[in-house]
Amino acid sequence: MRRGQRWIVLSALAAWVTWATPAWLHAQDTPTRGGTLVVAISADPGHLNPAITTSGATHTAAELLYNGLLGRDERGDPIPDLAESWTIEQAGAAYRFRLRNDVTWHDGTRFTSADVKFTFEEVLLKFHARTKASMGGALAGIDAPDERTVVFRFKQPYAPLLLQLDATEAPIIAKHVYQGSDPQTNPANAQPIGTGPFKFVSYRKGAEIRLARNPAYFKKGLPYLNELVMRVIPDPGTQVLALENGEVDFLWGVPGPDQNRLKADSRFRMAQTSYHPGGSNCIMTVSFNLERPILKDVRVRRAIAHALDRDAFLRQVLFSEGRVATAPISSELAWAHARGLNMPSFDRAEAERLLDAAGWKKERDTTRVARGVPGVQDGTRLAIDFLHFPAFSKYGELMRQQLGAAGIDVTPRPLEPAVFAPTVFKDRNFDTNVISYCNGPDPEIGVRRMYHSSQIGPAPFTNAAAYRNERVDTLFDLAGLTVERDKRTPIYRQIQEIVVQDLPYYWLVETPTTRAWSAKCGSFKGWTGLFAEAAFCNR
Amino acid sequence: MSGRYLVRRLAQVVPAAAAILITAFVVIHIAPGDPVLALAGQHGDAAYYALIRAKFGLDRPLPEQLLVYAANVARGDLGVSYVHGRPVASVVLERLPATLLLMMTALIASSIVGIALGVGAARRVDRPADLIVRIAALVGYATPSFWLAQIAALTLALGTGWFPVQGITDARQVWTGWRYAADVIHHLALPALVLAINELALTTRLVRTGVLECLATDYIRTARAKGLPERSVVRHAFRNALLPVVTVIGGRIGMLFTGAVLVETVFAWPGLGQLLLSSIQTRDVPILLALFLLVSLAVILTNVVTDLAYVWLDPRIRYE
C-alpha cells in the first residue's frame with residue numbers, strides 16, 4: 001500500500017472509530033474508586049419516591065436510589081436489572097420474570113417478588129400516572145408464585161411491557177416499608193430505602209440531597225463513587241457557571257448559547273441524549289385545532305407546514321441542538337420511526353398556492369382574507385393564535401414571522417404550563433399551539449395518546465388536535481396487541497403515512513438535551529435514570 | 001406611648017391578615033391554572049387527574065374550598081403542600097432561616113453603609129466625594145438586581161475565583177462548628193451584596209437629603225452660632241434626618257423579599273424566594289397563600305416596629 005493510500009485508510013478508520021464510539025464513553029475513562037460527584041438539578045424534588053409520581057424533578061433526584069425489574073441499554077432495548085431473565089407467554093398476554101437472589105434493600109432486608117407485586121398493585125398502578133394510564137386497564141393480575149418469580153397477566157396481548165419496567169417507568173419500592181401506610185405521605189418518601197447503587201444520607205430541602213455508595217449493591221464492584229450530591233440550582237445560567245467554577249461536575253442540560261463555549265473548553269465533555277426522566281424522545285409539535293373552521297381544510301394546514309422553515313427553528317431556537325423531525329415518531333425509536341415520508345418541506349410558493357386554492361386571497365392588506373371558504377364569512381382575515389409555554393416564546397416569534405410572510409397573521413399567546421393545559425385540552429380555546437410531545441420508550445405510551453380518537457378530552461397532553469380517523473384508531477389498537485417488534489414496525493409506518501397526509505399536527509424538531517460534565521469524571525450512562533451507576537470522578 | 005395603643009395596633013393585625021388571606025385565595029383561584037398538571041405529569045389519564053383533584057379537594061366549589069381553608073387556618077393549620085406532600089408550615093419554616101439570613105444581612109449592611117455614605121456625602125456637599133457617592137447611588141438604584149447578580153457571578157466568582165456562585169454551603173465538604181459558619185458566610189457574601197446594593201443606594205440618597213435639609217434649619221444655625229462643634233451639629237441633624245429613613249427601611253421589607261426571589265434564584269440560595277417561584281410555577285396554592293400571609297404579616301409588624309422607633313428617635317411623638 002502506498003503512503004497516500006495508507007493515510008486515507010487510517011483516516012477513514014479513525015473517523016469511523018470516532019463516529020462509532022458513543023459520546024458518553026472515552027478511551028481515557030478508566031474508572032477509579034472513591035470521590036464525590038456533584039450533580040446540578042433544576043428543582044427541589046419535594047420528596048424522593050419516584051413510584052408515586054412522574055415528576056421529572058423527583059425522578060432526576062431519586063432514581064439512583066432504586067432499580068426497575070429491567071433496565072435499558074444505550075439503544076433503548078431492555079436488559080436485566082432486578083430481574084435476571086424473562087419469558088413471554090400466551091402470545092404476549094403473560095410475562096414471567098425470574099428475579100435475582102442477591103438483592104437486599106438498603107436496610108438489609110431481602111428483596112423478593114412480594115416487593116414487586118406490592119409496588120405495582122398498591123403504588124404504581126394507583127399513583128404513577130404513566131404506568132396507571134398505559135397498563136392499568138390492560139392488566140388482569142400479578143402473581144408471585146415464589147420468592148423469585150413474578151408473572152404479569154394481561155387481558156389480551158400487551159406489547160410495550162418490557163420498556164415500562166425500568167427505574168423511570170416502574171421503580172420498585174420496599175413492601176416492608178410502605179405496607180399499611182399511605183404511600184404519598186409515608187415518611188420514607190423523605191428518607192428513602194431502595195435497592196439502588198446509592199443509599200440516602202440527607203436531604204436539605206431546596207438545597208441538596210446527599211447519597212452514599214451502597215456497599216451491598218448487587219452489581220458487583222459498582223458504584224465507583226463514594227458520594228453523590230444533587231445540588232438544587234434553578235437557573236440554567238448559574239448551573240453552567242457552577243460547572244465552570246468547579247462547584248458541580250454534571251449538568252442535565254446546557255442552554256444553547258453556552259454550548260459552544262463549553263464545547264471549546266477541554267475541561268468539560270458533552271453528549272446528547274433523548275432520555276429524560278420527565279419524558280423521553282420529545283418532538284416540538286404544532287397542533288392544529290381541527291374544530292376551528294379556518295383549520296379544517298387540510299390545504300390550509302399543509303400551507304402552514306410549507307411556510308415554516310424548520311431549519312431556522314433548529315438554528316435559532318435550539319442552537320442546532322437537535323434535528324428537524326422527519327416523521328411523526330421520533331427517530332430515537334428507530335424501529336417505529338418511518339423513514340422517507342413525504343413530509344411537507346419549506347416552500348413558501350407552494351404555501352401561497354395552497355392558500356389561494358383554499359379561498360384565502362391576498363388583497364390590499366398583507367393578511368389574507370376569506371373568499372368563499374366553507375364555514376367562514378367572506379372578508380374574514382386569516383388570523384390565528386399560537387399558544388405556547390413562556391419558555392417556548394422563540395417558537396412563537398418565528399411562527400409569527402414565517403407565517404406572516406405567507407399572509408397568515410399569528411398572535412403568540414404565552415401561557416404558564418398550569419394555564420396552558422386546561423386552556424388547550426379542557427376549554428379547547430386555541431387555534432394552534434406548540435407542545436413538546438414526548439414519545440416515551442414505546443409509541444404506545446406517548447404517541448397513541450396524540451392521535452387516537454378516544455384520547456380527545458380534558459386530560460393534558462392527549463389529542464390536542466381533536467383528530468379522528470377510524471383507520472388510525474384501528475391500527476393503533478392492533479399495534480398495542482402485537483408483541484413482536486418487527487410486526488409492529490409496518491403498522492406504525494402505515495399510521496405515520498396517514499397522519500402525514502392528514503396533518504393534524506406538524507412536527508418541527510426533535511429535541512434531545514445536552515449533558516455536560518467535568519473531564520475529571522466519566523462513564524456516565526446518560527440514557528438511563530441510573531446515569532451514575534458506573535460513573536467515577538478523579539478529584 | 002400607651003400600652004393600649006400597642007394592643008390596638010396589634011389587634012388590627014388579625015382582620016388585616018384575614019382580609020389579605022381571603023383576597024389572595026380568591027385572586028389565586030380566579031387566575032387560570034391547574035396544579036394537577038404539576039402533580040400528575042404529562043402522561044396521566046382523566047381518571048388519575050380526577051383522583052388527584054378529589055384528593056386535594058380541588059373538585060369542590062370555590063366558596064366551599066375557601067370556607068374549609070379559612071376554618072383550617074383559624075385552627076392554625078395552613079394545609080398540606082400539593083408538591084411536597086407535607087404540612088405547609090414545616091415546608092415554609094425550614095426555608096425561612098436562609099431567607100432571613102440573606103435579607104437581614106442585606107438590610108443591616110445596606111443601612112449601616114448607606115447611613116455612613118449619606119452623612120459623609122452631606123458633610124462634603126458638592127465636593128468630589130459627594131459627587132461620586134451621588135452618581136454611585138443613582139447607578140446602584142437604577143441597576144436591576146438580576147443583572148447585577150449575573151455580573152457579580154461572572155466577575156467576583158468566575159473571574160477571580162474568590163466566591164462560589166451557588167448554594168449556601170460547599171457541596172463537596174460537610175463542615176461543622178465555626179468552619180460551617182465560615183462556609184455559610186463565604187456563600188452569603190455575593191447574594192447579600194447584590195441584594196444590598198439597591199437598598200444601599202436608596203438609603204444613601206435618603207440620608208444625604210435628610211441631613212442636608214436638617215443642616216439648613218434654624219435650630220442648626222442656632223447651634224452653630226452658639227459655637228457647638230461641627231461633629232455635634234451633624235449628630236443633631238442626623239437624628240432628625242433618620243425619621244424618613246426609618247419609615248422607608250420599614251416599608252422596604254416587602255420589596256426586599258421581592259428582590260430575594262430573584263437573588264435566591266440566580267444564586268441557588270435555598271430560601272423562601274426560590275420556594276415562592278417554584279410554587280407559582282406548579283400552582284402549589286397552599287404554599288403560595290402561606291407565603292403571602294407571612295410577607296404581609298412581616299410588613300404589618302414592621303410598620304408597628306417603625307412606629308415604635310419614631311418615639312425613640314423623636315421624643316416629641318406621642319401615641320394615644
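Author: The size of an interface is often given as the accessible area lost when the parts come together. In this predicted model, about 4,000 Å² is buried between chain A and chain B, and carbon and sulfur atoms give 55% of that area.

Reader: How many residues of each chain are in contact?

Author: Chain A contributes 54 residues, which are in contact with 46 residues of chain B.

Reader: How many salt bridges does the rule find across the interface of chain A and chain B?

Author: Side chains of opposite charge can pair when their charged atoms come close. Across the interface of chain A and chain B, two salt bridges are found by the rule. One salt bridge joins the side chains of A:Asp44 and B:Arg95, at 3.8 Å from N to O. Polar contacts between chain A and chain B amount to 10 residue pairs, with both residues at pLDDT 80 or more.

Reader: Which element gives the largest share of the side of chain A that touches chain B?

Author: That is helix H13 of chain A, residues 417-426, which supplies five residues. By class, the side of chain A that touches chain B has 24 nonpolar, 13 polar and 17 charged residues.

Reader: Let us turn to the fold of chain A. How many helices and strands are there in chain A?

Author: Chain A has 17 helices and 23 strands. Its radius of gyration is 25 Å, close to the 24 Å that the globule rule gives for 539 residues, so chain A is as compact as a globular protein of that length. Along the principal axes, the C-alpha atoms of chain A fill a box of roughly 75 × 65 × 55 Å.

Reader: In what order do the six strands of the open sheet in chain A stand?

Author: The order is S14-S20-S13-S19-S17-S18, with mixed pairing. Strands S14 (323-324) and S18 (409-414) of chain A are at the edges; each has a single partner strand, so one side of each is left without a neighbour in the sheet. S14 of chain A pairs with strand S20 (residues 505-510) in the antiparallel sense over two bridges, and A:Arg323 stands opposite A:Glu510 in S20 of chain A.

Reader: How many salt bridges does the structure hold over all chains?

Author: The total over all chains is 46. Among them is the salt bridge between the side chains of A:Lys219 and A:Asp81, at 2.8 Å from N to O. A:Lys219 lies in the loop between strands S9 (208-213) and S10 (227-232) of chain A, and A:Asp81 in the loop between strands S3 (78-80) and S4 (83-89) of chain A, so the pair ties together parts that are 138 residues apart in sequence.

Notes: Residues are numbered from 1 along each chain as its sequence is written. Chains are lettered from A and ligands numbered from 1 in the order in which they are written. This is a predicted model: local features need pLDDT of at least 70, side-chain atom pairs count only at pLDDT 80 or more; totals for chains, interfaces and linings use all residues. Side-chain values use heavy atoms; hydrogens and water are left out. Contact means heavy atoms within 4.5 Å. Buried area is the accessible area (1.4 Å probe) that two parts lose on being put together, summed over both. A salt bridge is a side-chain nitrogen of Lys or Arg within 4 Å of a carboxyl oxygen of Asp or Glu. A polar contact is a pair of N or O atoms within 3.5 Å; within protein, one must be able to donate a hydrogen and the other to accept it, and residues adjacent in sequence count only if both atoms are side-chain atoms. Helices (H or I, at least four residues) and strands (E, at least two) are DSSP runs, numbered from the N terminus. Ala, Val, Leu, Ile, Met, Phe, Trp, Tyr, Cys and Pro count as nonpolar, Asp, Glu, Lys and Arg as charged, and the others, Gly among them, as polar. Two strands pair if DSSP finds at least two bridges between them. The radius of gyration is taken over C-alpha atoms; the globule rule is 2.2 Å times the number of residues to the power 0.38.
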